[in-house]
Amino acid sequence: MTAITLQPRAARASRTGAFLRSVPPGVKLAALVVALYVLAAVAPGVLQPHDPFSTDLDSSLLAPSLQHPFGTDQSGRDLFSRVVEGARQSLAIGIGATALSFVIALVLGIAAGLGPRLVDGGVNRFLEVLFAFPTLFLALLFVAVFGQTVTTQIVAVAIGTAPGYARIIRGQFLQVKGSTYVEAARAVGHPYPRIVAQHIFPNAMRPLVVMFTLGVGQAIVWASGLAFLGLGVAPPSPEWGALLDAGRNYTTSAWWLEVMPGLAIVLFALSVTVVGRHIQERLEGKVKVQAL
Amino acid sequence: MSAPLIRLEGLRVAFGPTEAVREVSFELQPGRSLAIVGESGSGKSVTARTLVGLTGGRAQVGVDRYEYLGRDVSALSDREWRKVRGKEIGFVTQDALVSLDGLRPVGKEVGEGPRLHGWSGSKDELRARVVELLRDVGVPEPELKARQLPHELSGGQRQRALIASALALDPSLLIADEPTTALDVTIQAQVLELLEATRARGKALILISHDLAVVSRMADFVLVMREGEVVERGPAAQVFGDPQHEYTRKLLDAVPSAHSRGARLSPSSAPRLAVVPEHRTAPAGEGPLLRARDLVKSFRGPDKLARTVVQDVSFDLARGETLGIVGESGSGKSTTARLVLALETADSGVVELGGRAWSTLSERERRPRRREISVIYQDPLSSFDPRWPVERIVGDAAEDAAQVSELLDLVGLERSLRDRRPLELSGGQRQRVAIARALAPRPSVIVCDEPVSALDVSIQAQVLDLLADLRDELDVSLLFISHDLGVVHHLSDRVLVMSEGRVVEQGTADAVFLNPKHDYTQRLVAAVPRLGYQREQVAA
């Protein structure tokens, strides 16, 4: 999930120093932030000053201080520890929803992009219907029917975001399919399945690596939106959207209950996007142009 | 002598550590024309843009002296430049489709200059002025065209509209950066005529071009630039007739034409064969290697109307022969190539390869025989999988990947380049990789679709030499497609001239180009700009 593992060739040991120097400081900072979130998801205990679930009514609704950097909630639980604890569920929703969304989108997009014209037309009409239908409403409906769990959140967000990805994937496949190098491979006399495996698939999928990184940030924001509408993961889960939902009633008296989890979401989405964009630029060779 | 209109001394432009232009100086009188020629990266376009203050924020510009109309313009701000640009200096860019706003009617664009510089008359008067400007530059139906969007105009009309907008405020100097590069040769001739007429009306003209022939026809004075430096300067007659600098001579030698037939274009590549066969025809008793009969192909446009792009095209290609196909854009020459390669199915007509059926086979039957014919594209970069290194690109087409080194040697590429990816190669290297790939299956026919159109003239010369060598050495036949008559004449034994999908004339290269019969061919041949001055050693 970190930037380093996704880097192509350039990251080989001998070039590590040069690679690190070529990454702008802002991107390094963003990558560090992403790494902290991943740490929070994997080993929350390392970062938590307090037990995220122990209530202490004597210290309820305390404003942010050195002892409680994000303040405390109505039951006196340390909000920072809860945000850290929520990272696991929220990242799971972000990554899971994006992954599921990609699977749906890949099936539709590849069928449309590589299949016969009839299939392409069918998939396109289907996507148009999905686009015309308010996807947020669809997601809300899904959660309302199937209950408020992490799984339903993942499926709901995936349904909401898949049509957009399917369109992009279809376009990718069509573009690569019509490229001169695919025609050149045909002229060499390679059978079509081999051309699909060697040229079309890898080249069409290349930009999706970046789209995935960007998608995770967006999926978390989506899930938070659902939660804010009261259709997120049920409390007392510290999932970020659920935290937002729980703080809704205290907006005027205890602002930190809304602002701090909100900032955590924004910071994550922002960092992931910065890292994703940087990878995108590298893969597309923009760095080379800048260096000239 | 009158005072110079423009005087430039010691212009230097750098982008960070890269010096793009070093010490360029010239002066120009009203009614005269100056040409700046050079290959890509020579700094000619940067020089042109700097002259109108468009170098961009990241450039460091230094100049000892820059005067225009007797006024010091070396330190103008962006805001001050905006008053000069358009009003006092007109600037015409390359590629009018990109330079015109696609969402605005052409007339609006042409009228923009007058409006920004304080048009005093009414809207109707401005409209009338725009129509007049378009008519002056030879745009047909100017009232209609002024209301249309750029994509509704032809390439030549767009370029004229761009020139009209540069002339709208009647500037004393017109700077044209590669004004005809994207145009067909007959359209190019018209645009050059228009520029010449403008100069004859007393305007000064600065023409930036990579095309020596265009320049030799248009310019009074010439600057030859290489890598940011002026290597030669002087009156056109002197620069073209008696070039002093080695680089200028090399550039002039590299221009393919009727005179260069059978000769080498590039000094660096020594001839590999002692004797170059003068003319090749099929040996007695052997049929043609490639035989196309009555090919017809039509495509359905977005308006559901079928357009015939290839109509009754027939030709033969003998072993070791080069057949050139020339024509302007839309003439159907590339579609003919795709039909020959069986990448497109003809509506009717057949192609036979090696005396056996080819176009009528099913793809499954054809696949094993695809090794007999290969292709070189205009833009090698887009014809390579961007992820693959050279070794894999070439090896993929060869029967045995071990042949890659041999193939790289054959096309004059260093073996050390085998690990590079296409993006890490120069334009000339890329086209050599494309040739290596085309040779890999040991084909008997190579279809070359505009293989040198995207290359600088000296690189083009090397690639043409290479193709000629390989053809003679390996006894392979070339179907050579190009819009450039000089290139085709240089390389081809026989030529087909295509126009609007039909073959209008065919014969030996000399017969077609030196003595054209069909009036389209005559127009085409007449429109080709030629080096206007004979080199002394050539004449001698």
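Student: How many salt bridges does the structure hold over all chains?

Tutor: This is a predicted model, and the count is computed from its atoms. A pair counts when a side-chain nitrogen of Lys or Arg is within 4 Å of a carboxyl oxygen of Asp or Glu. Over all chains, the number of salt bridges is 44.

Student: How many residues apart in sequence are the parts that B:Asp64 and B:Arg12 tie together?

Tutor: The side chains of B:Asp64 and B:Arg12 form a salt bridge, with 3.3 Å from N to O. B:Asp64 sits in the loop between β4 (59-62) and β5 (65-68) of chain B, while B:Arg12 belongs to strand β1 (residues 6-15) of chain B, so the parts tied together are separated in sequence by 52 residues.

Student: Which residue of chain B forms a salt bridge with A:Glu183?

Tutor: Between chain A and chain B there are 2 salt bridges. In the one that A:Glu183 makes, the closest N and O atoms are 2.1 Å apart, and the partner is B:Arg338.

Student: Which three residues supply more than any other three of the area that chain A buries against chain B?

Tutor: In the contact between the chains, 20 residues of chain A face 22 residues of chain B. The area buried between them is about 1900 Å², with carbon and sulfur atoms giving 49%. Of the part that chain A buries, 25% comes from A:Glu183, A:Ala187 and A:Val188.

Student: Is α9(A) roughly parallel or antiparallel to α11(A)?

Tutor: Helix α9 (residues 192-231) and helix α11 (residues 256-283), both of chain A, have axes that come within 8 Å and cross at roughly 165°. Angles over 145 degrees count as roughly antiparallel. Therefore α9(A) is, relative to α11(A), roughly antiparallel.

Student: How many nonpolar residues are in the contact of α9(A) with α11(A)?

Tutor: On the α9(A) side the residues include A:Val210, A:Leu214 and A:Phe228, and on the α11(A) side A:Ile265, A:Phe268 and A:Val272 are among them. The contact also has 6 polar and 3 charged residues, and the nonpolar ones number 12.

Student: Is α9(A) roughly parallel or antiparallel to α10(A)?

Tutor: α9(A) packs with helix α10 (residues 240-247) of chain A at about 30°, the axes being 7 Å apart. An angle under 35 degrees counts as roughly parallel. The relation of α9(A) to α10(A) is therefore roughly parallel.

Student: Is the crossing of α9(A) and α10(A) left-handed or right-handed?

Tutor: The residues that meet include A:Ala227 and A:Gly230 in α9(A), and A:Trp240 and A:Leu244 in α10(A). The crossing of α9(A) and α11(A) is left-handed. For α9(A) and α10(A), the crossing is right-handed.

Technical notes. Residues are numbered from 1 along each chain as its sequence is written. Chains are lettered from A and ligands numbered from 1 in the order in which they are written. This is a predicted model: local features need pLDDT of at least 70, side-chain atom pairs count only at pLDDT 80 or more; totals for chains, interfaces and linings use all residues. Side-chain values use heavy atoms; hydrogens and water are left out. Axes are lines fitted to C-alpha atoms, for helices over the stretch in contact, and angles run from 0 to 180 degrees between N-to-C directions. Helices (H or I, at least four residues) and strands (E, at least two) are DSSP runs, numbered from the N terminus. Angles under 35 degrees count as roughly parallel, over 145 as roughly antiparallel, 65 to 115 as roughly perpendicular and the rest as oblique. A crossing is left-handed if the near helix is turned anticlockwise from the far one by less than a right angle, and right-handed if clockwise. Contact means heavy atoms within 4.5 Å. Ala, Val, Leu, Ile, Met, Phe, Trp, Tyr, Cys and Pro count as nonpolar, Asp, Glu, Lys and Arg as charged, and the others, Gly among them, as polar. Buried area is the accessible area (1.4 Å probe) that two parts lose on being put together, summed over both.
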